[in-house]
Amino acid sequence: MTSRRGFLKAGGLALFGIGLGGIPGFLTEAVANTRAPGLFKRKKIMVCIFQRGAMDGLMAVTPFTDQYLKAARPTLFMDAARGNGKNTPLIDLDGRFGLHPSMAAFESMFRDKRMAIVHGIGSPNTTRSHFDAQDYMESGTPFRKGTDSGWLNRAVGLLGHDAATPFQGVSLTSSLPRSFYGDNPAVAISNLQDFNIQLKGNVKGANMAAKSFEDLYDTTSSGLLKETGKESFDAIKMLSKVDVKNYKPANNAVYPASALGNSLKQIAQLIKMDVGMEVAFAESGGWDTHFNQGAETGIFARNVNDLSNSIMAFWTDMGTYQDDLTVMTMTEFGRTVKQNGTGGTDHGRGSCNFILGNGVNGGLVHGLVNPLAVENLEDGRDLAVTTDFRSVFSEVADKHLNINNDKVLFPDWDGNKIGVMR
Amino acid sequence: MKTPVKVFYSFLFLLGVTVLFSSFQKEKPAAIKFVFPYKQAGLTERQAAAHLISRFTYGSRTGEGDVDAVLKIGLEKWFQQQLDGKIKDDSLNTLLHKFDAINLSNTEVENQYPRPGLAVRMAIKDGVINKDSVNKANGKEYRKQVQDYMESKGYKPQQELFRQFFNQKILRSAYTNNQLHELLTDFWFNHFNVSLTKNQSASFIPAYERDVIRPNVTGKFETLLLATAKSPAMLMYLDNFSSSGQQTAVSEGSMQMNDGMMLNGKAAAKAIARNRAKALTLKNAPAKKKQGGLNENYAREVMELHTLGVDGGYTQSDVTQAARVLTGWTIAPMGENGYGSSMKNLMDRVGDANLEKRGFVHDGDFLFVPTRHDNGEKLVLGKRFPANRGYDEGVELLSMLAHHPSTAKFIAKKLATRFVNDNPATALVDKMAKTFLKTDGDIKQVMITMVSSPEFWAPDALREKTKSPFELAISAVRSLDAQINQPYQLYVWINKMGQKMYFYQAPTGFPDRGQYWINTGALLNRMNFGLALASERIPGIKVNLSAMNGHHEPESAAAALVTYSKLIMPERNLTETVKRLTPMLNDPELMNKVETAAAKAAPPEMKNSMNSTGEELMMAKADQDASKVANKGYGKKASKVVMANGNNTMLAQVVGVIIGSPEFQRK
């Protein structure tokens, strides 16, 4: 079954790839659900971005008609109407929700129905600790600390074909994140250029050293060092073919000179190299805005600006690869409805996330956000979690990567999907 | 009858002599009362010494012959000396002398190394820079203006402060004779993590490590906890500096939204209704002047991460109540341009003489402000904190947390994870926790219990820990007796290997397990680090491989391999390593190849990392300049020390591979 589908799909890809320099969105969509990637052919890729520190979803995508929110946030609330004394109102998405003005880059994606927002997303575990909430979200088991694998690692395992490449799962971080812990191969890379055994000005020496290292790691008694050593040398061999130093993004895309911009740029390079990457992970920091988070300008505005501009640069750069991609953001929880005494917000519950791609049920704010009257809030203070993060993650994995074994991907979960993908 | 009497008298006499004698010998340390059970685990004394060195130092120093030195002192006595941490450090102190910023107080730092934003604000205030030009198009000119302004005022860039801070840590770790104190400083800093990623707390971090952590690493846990709670770095990092409560009647004042969930049924509904009414009336009111409010961040993390542990048995209500206890704990004002001008005004109004009378507590950089304190009654972990106790109730709270059985277990497990293995046995943790509770949280005693336990010497502990990138780098320079002229270059490598020192953003600190450190990208960088270090391609890090072996040239390549493996990794079974590396030596054309390559070699770039920031480059250059100054006495030759020329001998390559080998990653 799988191999036949794989064969058909691979053939189709090659054909259109040559003829048109890319695959039209409508064609890939038609077969997306039955698609299994073939070896060394272009594959579907899911790119996840973890916003560490807990993004204030109510400021990113504001229910601006909500009077309770306005009252709870005397200095943080923004309006979608012009003429309120501010130069930059929210971007009105649907008469009820407004996108932060610093995320203007996202607007066209939303209007083109290629970006969906889920509001009120979060974890059923009510912890307000960054560490726990991130741990639970990345392990995918919100009530079990002991889960030794991360959900992205399990996703790699469920792709249905053996890794032909160590780059099946890639994290653009200097160490593997919790999401990628586990038995399936995954690589952490902070800089593609460093991915080799180097001895400046002494190539032969470097090659000999590499050979020795490979031997040593192959025979060490430490399982951890042995396994990682093997992965490392496999990876070197794959990357050795390309010049990553002089990368020019396509379509005049300009990546912000930020950590996230740099990560996404390298993900783009890996995709264009066809190294067989199917799951990619990057991080964005600075969301823990307890103190002076700002409104139209300030820390939060800068953060969402970087987030949206980085993602849109990546999207633009990917050009003809766009049909292969789904980009999804996530954050451990949201922040208090009420602003705190220090111009910021404290740890809360529900937040929102963004999903971009041609297969996304876009142009909609999914999920449920009730009026933010105190009686509707969790513990009388936080935006209620109305959509389990696993519902959204599993739907994206299913519709985009054809991973439909939810029992393995998210054990302990048997909820419903909400239709964020078409 | 006579004999017993005689015995009795002579006993008295002896006792008298002993008392007399010991009164003259006050300096003499107490006798060692513990024994390490390594023989039961089947280890020789040499192997035991090597294990101690690998766990309680940053690695053996070849030149010092560390294993022999430990044997000479005696294992237990050596450990006691390391716990006491009073060995002289003259040569290290000489090295540290050139860093003029590392002994500055927080106030001095605030006034000499203004945060980037502050310098700009002052420049605007002084009319040097136009407000509208900030963040405008011509960045270059604008930056120059700021720079000129800073120079004219005698202000220095903050990066210089941090460069010196990183450098001192690297030099201390590499060269101090009190190795265990340095390891514990690292451990407790990571336990009470604060991060340079948070700008507002960054400038307080050098003093935090120096004054809050380092002096307390082997004392009582409670002392450490209280010192961190009162430090500007922690107060700022976890936001408690800004947390305040209403100072009003006990029953009304504490009815904040956060406490709503604490109350039962009707009362909660009422409180919520009241809050809502209040919130709605605020709707069109102009933003009130910044006045503070409750912030739970520190209260939560002090329980979850510093004391009880996440499963330590506390609830959200305990967190909120503890946060109320700690309201009013904040940072004292720091000089003219430093932090806290509003507090300064407040204190001036009250007057120095009246501070204590009014319930203020001013202790160094710490300030308790009674008017910001929620003076209502609180209930934390079942303990009642009566109203109006001010500063003292916070101290009581922290003391209660420091002595809690969950804390004993949590700290014991964390220490065992750091020093024994990634998954320490429950029996070991229980023993250590018991000592913790029995000794009022005496860290020294807990450490002694740990090393006196068979679990420390068991086969599943030996070589089972993976070095962190920092530990790898420091152990490598120690094992090669490297001379560190530009410590910042090591900082850059440690960062590349996956550990950005002082920049771990979360209050959890770096995870302490091999799995976290070892992954594909990081592992390759470890190998590259070994090669770069041994071949002298790291600028400012000088290695003399010949001196390492007492200037004896090994008879053959094979002999060199064996000799240097043993020098770098004493008391390890190296059969496999040597066997695997031998083919490397058997290439007949090896020397030719290497030399040809060397002739063609371009001078190594100072930085080649694509994602290195301009800041890093600047700091590296500053480091280089500092090194040049330090070497000035040697004339022109000195610049050779500064810039690595690269050593392409086969020996350098072998040593590089040993440093990057799997065996050397373990400790």
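A salt bridge is taken here as a side-chain nitrogen of Lys or Arg within 4 Å of a carboxyl oxygen of Asp or Glu. The structure is a predicted model, in which local features need pLDDT of at least 70 and side-chain atom pairs count only at pLDDT 80 or more, while totals for chains, interfaces and linings use all residues. Residues are numbered from 1 along each chain as its sequence is written, chains are lettered from A and ligands numbered from 1 in the order in which they are written, and side-chain values use heavy atoms, with hydrogens and water left out.

One salt bridge is counted between chain A and chain B. The side chains of A:R381 and B:E296 form a salt bridge, with N to O at 3.2 Å. Contact (heavy atoms within 4.5 Å) involves 71 residues from chain A and 75 residues from chain B. The two chains bury about 6500 Å² between them, 60% of it on carbon and sulfur atoms; buried area is the accessible area (1.4 Å probe) that two parts lose on being put together, summed over both. On the chain A side, A:K200, A:M208 and A:L216 supply 10% of the area buried against chain B, more than any other three residues.

Helices also meet across this boundary. Helices (H or I, at least four residues) and strands (E, at least two) are DSSP runs, numbered from the N terminus. The axes of α9 (residues 223-239) of chain A and α29 (residues 520-534) of chain B come within 9 Å and cross at roughly 90 degrees. Axes are lines fitted to C-alpha atoms, for helices over the stretch in contact, and angles run from 0 to 180 degrees between N-to-C directions. α9(A) and α29(B) are therefore roughly perpendicular to each other, a label for angles of 65 to 115 degrees. Among the residues that meet are A:F233 and A:I236 in α9(A), and B:L524 and B:M527 in α29(B).

Strands pair if DSSP finds at least two bridges between them. In chain A, an open sheet of three strands has the order β2-β4-β3, with antiparallel pairing. Its edge strands are β2 (61-63) and β3 (91-92), each pairing on one side only. Two bridges join β3(A) to β4 (residues 97-99) of chain A, and A:D92 stands opposite A:G98 in β4(A).

Chain B has an open sheet of three strands in the order β1-β3-β2, again with antiparallel pairing. The twist from one strand to the next averages 25 degrees. Three bridges link β1(B) with β3 (residues 366-368) of chain B, and B:W329 has B:F368 in β3(B) as its bridge partner.

Over all chains, 51 salt bridges are found. One of the pairs is A:D215 with A:K211, whose closest N and O atoms are 4.0 Å apart. Both residues lie in α8 (residues 203-219) of chain A, four residues apart, about one turn of the helix.

Methods: Angles under 35 degrees count as roughly parallel, over 145 as roughly antiparallel, 65 to 115 as roughly perpendicular and the rest as oblique.
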